[in-house]
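User: Please take a close look at one part of this model, the packing of its core and the charged pairs around it. I would like a single connected account, with the cut-offs behind each term.

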Amino acid sequence: MIDKLLICISLSVFFIGTYFIWFNKKNVFNHINLGLCFVAYVVPPFVFKFNIYASPGIWNLYVMINSIGAFFFLLGLFIGYKWRPLRLVDTIIKINFLQSIAVDDDRVKKIIKLSNVIFIIGIIGIIVSFMLMGFMPMFASDPFLAKFFKGQYQAPYQRVAFLYRTSRQMVELFIPLMVLEIFLKPKFKNIALVLIAIILIAVSLNRGAIAGGALVAIAIAVGLKKKNMPFWTFLILVFITYGAGSAIYYIVLQFSGDSEIGKLGTGDNIFEAIAYGAPDILDQLGFLSAYIKSGSHLTYGLTFVGGLIPFNFPWNPAIYTLTILNDINDVSEIASGGLRLPVSIWGYVSFGWLGVAVVPFISAFFTGYITKKVKTVLQNISADKNGYVTFFMAYFMYSNIAMIFTNFLYLSIYMLPAFIIYYLLIKYSNNTIKLN
């Protein structure tokens, strides 16, 4: 039982550790992750009998890697939070720009205007992509294979991959702001655009993106309210949303004959259904077992930059995890987007036991430093339009731009659109460029 508790705590630390340095309802970056921790790291340890899925040696190794990693992650958080200014980081994430939004009505109007334009372009791009591909995942003959654009769906997807991924990012990045606009002043245009976006994302079978945008918007609205009651209501909503999503996902997969998840267990009660619908720990144990069996060859950080090369590049983190887990070189037929490994395991497969300590520490160091900067921006903003837009831009920066420091393990070519959009918003709001 102690080892399960250690796993529950250590894995949760990687996702909601900033509560230790900023326990406040404005820390929406953690609030959203609470749902993931609940379904993937709190419920499963008390549902699964791990001795069925992993040998004692693999289980003990798994517990040790994550426990050590969590310790150094917390150490990095505290040191990063107290660290003196880092000019390179401050220059890239543009903290001064975020501070200026809260007191500049003209900049806020420009950000909203350009965001609306980008959102509409994204919607059009997704529609065009579906037309060029000739299918929508939800209505394909094999929806789960189509969702990940594998097998017969890979070739038509690759023809429009850049357009589709960029357009979807445009939409998903700005759903929170569009929802916030509806909160502030409901307009038929904004409501219609959000509904169209939700439908397009729904037919692509990306369940997380549908609820994620709305939850972020609600979290921002609640974070700016002075009363605490809505905050606790929001947390309950997060747990219900993620719990229901995980359980429904498992139930759906039970009817999919090709799904390995559908064969894991019976899901006799709601907690089993939730656990089987978010099998992160089982996936990680399976990966670690396969990695040890394959010879424990270190990657020396190649997977950190492998995502910069699209499609099935061997060192792409998603491709690498599926290759190791399935012991095959061609993963094009596997309906999966890869495994969600904790930073500690990435450190282990990259640099051995040294990586278990160093990689989580570096990631947490930058997380602690940037969290302090964001806290400075958000602690005094008001619950008006400027405050909402400032909060959204801080979330945008933290979740996308800061990733090159806080989540450097997953550098990806698909991060580029968010960078371009972020700096485009800065340039346009500063009157450096104009829209005609």
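Analyst: In the protein chain, residues 24 or more positions apart account for 75% of the contacts with a separation of 6 or more, a contact meaning heavy atoms within 4.5 Å. The model is predicted, so to speak of local features requires pLDDT of at least 70 and side-chain atom pairs count only at pLDDT 80 or more, whereas totals for chains, interfaces and linings use all residues. Residues are numbered from 1 along each chain as its sequence is written, and side-chain values use heavy atoms, with hydrogens and water left out.

Of the 436 residues in the chain, 55% are buried, where buried means under 20% relative accessible area, exposed over 50%, and partly exposed in between, with a 1.4 Å probe and protein chains only.

The largest nonpolar core holds 140 residues, of which Leu-98, Phe-174, Ile-370, Met-393 and Met-397 touch the most other members. Such a core is a set of buried Ala, Val, Leu, Ile, Met, Phe, Trp, Tyr and Cys residues joined through side-chain atoms within 4.5 Å. Helix H9 gives the largest share of this core, 12 residues. Leu-98, one of the members named above, is in contact with Val-377, Thr-390, Met-393, Ala-394, Met-397 and Tyr-422 once its neighbours within four places in sequence are set aside.

The axes of H9 and helix H19 (residues 385–401) come within 10 Å and cross at roughly 165°; axes are lines fitted to C-alpha atoms, for helices over the stretch in contact, and angles run from 0 to 180 degrees between N-to-C directions. H9 and H19 are therefore roughly antiparallel to each other, since angles over 145 degrees count as roughly antiparallel, under 35 as roughly parallel, 65 to 115 as roughly perpendicular and the rest as oblique. Where they meet, H9 contributes Leu-173, Phe-174, Pro-176, Leu-177, Leu-180 and Leu-184, while H19 contributes Lys-385, Tyr-388, Val-389, Phe-392, Phe-396 and Asn-400.

Turning to charge, a search of the whole structure finds four salt bridges, each a side-chain nitrogen of Lys or Arg within 4 Å of a carboxyl oxygen of Asp or Glu. One of them lies in H9 (residues 161–184), where Glu-172 and Arg-168 are separated by about one helical turn because they are four residues apart. Their closest N and O atoms are 2.8 Å apart; Arg-168 is buried at a relative accessible area of 16%, whereas Glu-172 is partly exposed at 26%.

Asp-90 forms a salt bridge with Lys-373, with 3.6 Å between the closest N and O atoms. This pair links distant parts of the chain, 283 residues apart, since Asp-90 belongs to helix H4 (residues 87–93) and Lys-373 to helix H18 (residues 353–378). Lys-373 is buried, with a relative accessible area of 18%.

Asp-280 pairs in a salt bridge with Arg-340, the closest N and O atoms being 2.5 Å apart. Here too distant parts of the chain are linked, 60 residues apart: Asp-280 is in helix H14 (residues 280–294), and Arg-340 in the loop between helix H16 (317–326) and helix H17 (343–351). Asp-280 counts as buried at 6% relative accessibility, while Arg-340, at 39%, counts as partly exposed.

Definitions and conventions: Helices (H or I, at least four residues) and strands (E, at least two) are DSSP runs, numbered from the N terminus.
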